Every structure is written in C-alpha cells, then in structure tokens.
Amino acid sequence: MIADEMRAVELTAFGGPEKLVPVRMARPEPGVGQVLVRVRACGVCGHDLLARRGRLGGPVPRVLGHEIAGEVAALGPGADEGGDGHHVGPGDGPLRVGDRVVLGQRDTTDGGSCFRGESAPGGYAEFVRASPADVIRLPRGLSFVDGALLPCGIGTGLHALHRLGGTPGQTLLVVGAGGGVGIHAVALAHAAGLRVIALTRAEDKRAALLAAGAEWVIAGTADPLAEIRRLAPAGVPLAIDCAGPPTLELTLRALARGGRVAMVGNVGDAALDPAALMGRLIVRELTVLGSPHATMPELTLGAQMVQHGRIRPIVAATLELEHAAKAHRLLEESAPAGRIVLVPERKAA
Ligand SMILES: NC(=O)c1ccc[n+]([C@@H]2O[C@H](COP(=O)([O-])OP(=O)(O)OC[C@H]3O[C@@H](n4cnc5c(N)ncnc54)[C@H](OP(=O)(O)O)[C@@H]3O)[C@@H](O)[C@H]2O)c1
C-alpha cells in the first residue's frame with residue numbers, strides 16, 4: 001500500500017536556495033497507460049539553478065528535477081499492455097512493478113511534451129508519473145545514483161558530441177569542465193578518442209579532470225587563452241562550452257578557422273559585444289551549434305557505455321532530498337567536480 005501523501009521539495013517562489021522548501025503533498029496517481037515511479041535518486045543540474053532564480057519562467061510553486069532514476073511502484077490502467085518504450089537490458093517488454101528505470105527529460109504523460117521539473121512535476125520528490133515511452137530500464141550493475149546521471153550529466157555531453165561530429169585524434173576544448181555536465185563531456189570525448197583540453201576555474205578540480213580523461217587541464221589561470229594557444233597554436237577545431245555567456249568570447253577566440261562549438265551552458269549574465277562576436281564568426285568561418293538534452297536513444301547509449309565500463313558516472317556528493325537547498329548552494333559555489341544527487345530514501349537512524 002502506497003501512502004496518498006509524499007515528501008517533496010517545493011520551489012515556493014523564484015529566488016535563492018531558501019526558496020526550496022521541504023513539504024508534504026499529494027502523491028501523483030498514474031493515469032491510463034502511465035506508471036508511477038518511486039524516485040530513488042535525482043541529480044541536481046545547473047539548469048535547476050536557473051529555474052530556481054526564475055530565469056526560465058514557468059509556474060511556481062513547483063517541483064524541480066529532471067534527472068530521475070527509480071523503480072516502478074504502480075501501473076496505471078493499461079500500462080502493462082504497452083512495452084514499446086525505449087527499454088534496455090534484460091526483460092524488454094511492458095514495465096512491471098519493481099522494474100528499475102531511468103526517465104528521459106521530456107514528460108509526455110499527458111500527450112504533450114514538456115520538460116520535467118518545469119511544466120511537469122520533477123524529481124525532487126518521492127514519486128513522479130511517467131509514460132513508458134519516456135523511460136528506459138536501468139541496466140544491471142548500475143546503482144540508482146549512477147542512473148540519475150544518465151539523462152543529463154552524461155546524456156548532454158553525448159548529444160553535444162553527436163552534434164559536433166569530431167573524429168578520433170582531434171582536439172576538443174571543454175569549457176566549464178569542472179561542472180556536472182563538463183566533467184562527463186571530458187570523459188565521453190576521451191572515450192571517443194578525442195584529445196581533450198579541460199578548462200576550469202578551479203585548481204582543485206585538476207586531478208578529477210585528469211582522472212576523467214583530460215589530456216591537458218588548464219585550471220585557475222588568469223590568461224586561459226594563452227594556455228590554449230600554447231597547446232593548440234592554430235586553435236582548437238572543436239569545443240563544448242558548458243558555461244555560455246561568461247565564456248563564449250573566450251571559446252570563440254580559442255577555435256581554429258572553421259572550428260565548431262556546441263553551446264550547452266547558460267550559467268549567468270555577461271556583457272557581450274554582438275558586433276565583435278559576429279566579426280569573429282564570419283572572418284574565422286566558425287560554426288556555433290545549440291545543443292540541448294539527450295534524446296531517448298542517447299539515453300540508452302549512455303546507459304550501455306556505463307554498463308560496459310566505457311565511462312564512469314562521477315558523483316560529487318549524495319544528499320538527502322530535504323537538503324536540496326544545500327545542493328544548490330554547493331553548486332553555486334562551484335564546489336564539487338561532478339554531479340550532486342538527491343536521494344529521497346531516509347538513512348536508518
Ligand atoms: N544544453 C543542455 O541540454 C543542458 C543540459 C544540462 C545543463 N545545461 C546547462 O549547462 C550549464 C552547466 O550545467 P551543469 O549541470 O554542469 O552545472 P554545474 O555542475 O553547476 O557546472 C557549471 C560549471 O560552469 C562553470 N562556470 C560557472 N560559472 C562560471 C563563470 N562565471 N565563468 C566561467 N565558468 C563558469 C564552472 O566550471 P568550473 O568549475 O570548471 O570553472 C561550473 O562548475 C548550466 O547553464 C545548465 O543550465 C544545459
């Protein structure tokens with residue numbers, strides 16, 4: 001018997017981390033063809049910080065979180081008749097109660113497609129509803145915390161690499177490399193045979209980035225462009241920018257003629273000179289690619305890569321669900337290398 005109420009952390013109003021308030025609320029009911037997922041782990045993304053501050057709009061109060069792994073707790077009417085989701089691993093076919101799953105970032109439970117944690121309730125909660133089409137099975141051997149890194153921490157870099165289309169041996173610059181998306185982009189690029197320059201503001205993330213597969217780490221340097229040019233005098237052919245406004249100009253200046261950058265991050269404001277940016281794009285024949293979240297096939301691919309040891313999820317910390325505000329503070333201080341994951345299950349006293 002599942003209780004009608006659940007624990008969650010609600011964004012009560014746009015603002016600072018203190019706006020993330022532990023609450024009790026009605027548990028969602030799975031509708032026709034839907035499953036109820038007991039959240040076992042939910043990653044905390046840089047996107048959640050923007051959402052919390054109100055930069056992305058959307059309703060409040062609401063529950064954030066789009067990086068969800070858990071287990072099927074109940075089936076809505078007819079949910080056991082489907083089975084054509086994006087399932088991986090043993091036991092393909094209709095989802096069953098107890099199946100371990102990872103949710104994609106889109107929510108299609110009500111026929112539309114919206115981002116979980118924005119117009120659809122997110123995973124800073126004990127339960128969420130999902131459509132089987134938005135779910136993959138968590139491969140054997142992966143923990144729920146590993147699973148929570150698949151949709152975004154890992155999947156975003158995978159999508160960006162697909163957008164860029166580099167070839168083994170090429171050099172790739174990852175900017176904002178010490179964050180949850182950045183460090184996995186480093187690992188994925190290394191796994192793809194690219195030679196990675198990781199750029200971070202934090203000297204204490206150097207070791208983690210080298211361990212993730214960076215060939216060179218530029219950390220805490222006053223003039224990172226000079227360092228990049230020392231390593232790649234003609235510029236880098238490829239880049240993934242996980243920060244965005246504060247680093248875009250640097251990233252474009254680091255690219256070689258004809259270089260390509262996948263823009264992933266949007267961490268904050270910066271005064272940009274559009275004329276200067278346009279000049280650089282035109283004269284240097286650069287390509288800027290917007291790169292959103294992972295597709296369902298990329299989610300499956302990421303899960304297989306982790307299962308086969310091709311990359312390793314890098315978890316900075318796991319915190320109890322009620323400590324979501326603390327997780328946001330840690331991210332705002334850029335403290336950890338890797339992902340922070342919220343875990344609803346309370347540790348036994
Ligand atoms: N496109 C997508 O689908 C997608 C998916 C997920 C996230 N995102 C976006 O990508 C960004 C990163 O997400 P995340 O989850 O990796 O966040 P995160 O873990 O908080 O990491 C953000 C990293 O960005 C760098 N950074 C932050 N402020 C900076 C500044 N002022 N100047 C230079 N670098 C700065 C830092 O890297 P260092 O510590 O290495 O300096 C920081 O660790 C966010 O804007 C998020 O919204 C986009």
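Mentor: Buried means under 20% relative accessible area, exposed over 50%, and partly exposed in between (1.4 Å probe, protein chains only). This is a predicted model: local features need pLDDT of at least 70, side-chain atom pairs count only at pLDDT 80 or more, and totals for chains, interfaces and linings use all residues. Residues are numbered from 1 along each chain as its sequence is written, and side-chain values use heavy atoms, with hydrogens and water left out.

Trainee: Is Val174 buried or exposed?

Mentor: Find it first: Val174 belongs to strand S10, residues 171-175. Strands (E, at least two residues) and helices (H or I, at least four) are DSSP runs, numbered from the N terminus. Because the relative accessibility of Val174 is 0%, this residue counts as buried.

Trainee: How far is the C-alpha atom of Val174 from that of Thr200?

Mentor: Along the chain, Val174 and Thr200 are 26 residues apart.

Trainee: Is Ile282 buried or exposed?

Mentor: Ile282 sits in helix H7, which runs over residues 274-283. Its C-alpha atom is 9.8 Å from that of Gly258, a residue 24 places away along the chain. Since Ile282 has 57% relative accessibility, it counts as exposed.

Trainee: Which residue caps the N-terminal end of H7?

Mentor: Look at the backbone nitrogen of Ala275. A side-chain oxygen lies 3.0 Å from that nitrogen. The capping residue that owns this oxygen is Asp273.

Trainee: Which residue is joined to Pro61 by a cis peptide bond?

Mentor: Pro61 lies in the loop between H1 and strand S4 (68-75). Omega of the bond in question is about 0 degrees. The partner of Pro61 in this cis bond is Val60.

Trainee: Which side chain makes a polar contact with the side chain of Asp107?

Mentor: Asp107 is in strand S6, residues 106-107, and because its relative accessibility is 7%, Asp107 counts as buried. A polar contact is a pair of N or O atoms within 3.5 Å; within protein, one must be able to donate a hydrogen and the other to accept it, and residues adjacent in sequence count only if both atoms are side-chain atoms. At 2.9 Å, the partner side chain is that of Thr109.

Trainee: How many residues surround the ligand?

Mentor: A residue is near a molecule if one of its heavy atoms lies within 4 Å of it. The closest here are Gly178, Thr200, Lys205, Ser291 and Arg339. The number of residues around the ligand is 29.

Trainee: How far is the side chain of Arg339 from an oxygen atom of the ligand?

Mentor: A backbone N or O atom of His47 lies 3.2 Å from a ligand oxygen. For a polar backbone atom of His293, the distance to a ligand oxygen is 2.9 Å. For an N or O atom in the side chain of Arg339, it is 2.7 Å.

Trainee: Which helix gives the most to the shell around the ligand?

Mentor: The elements that give two or more residues are H1 (46-53), H2 (144-164) and H3 (180-191). With three residues, the one that gives the most is H1.
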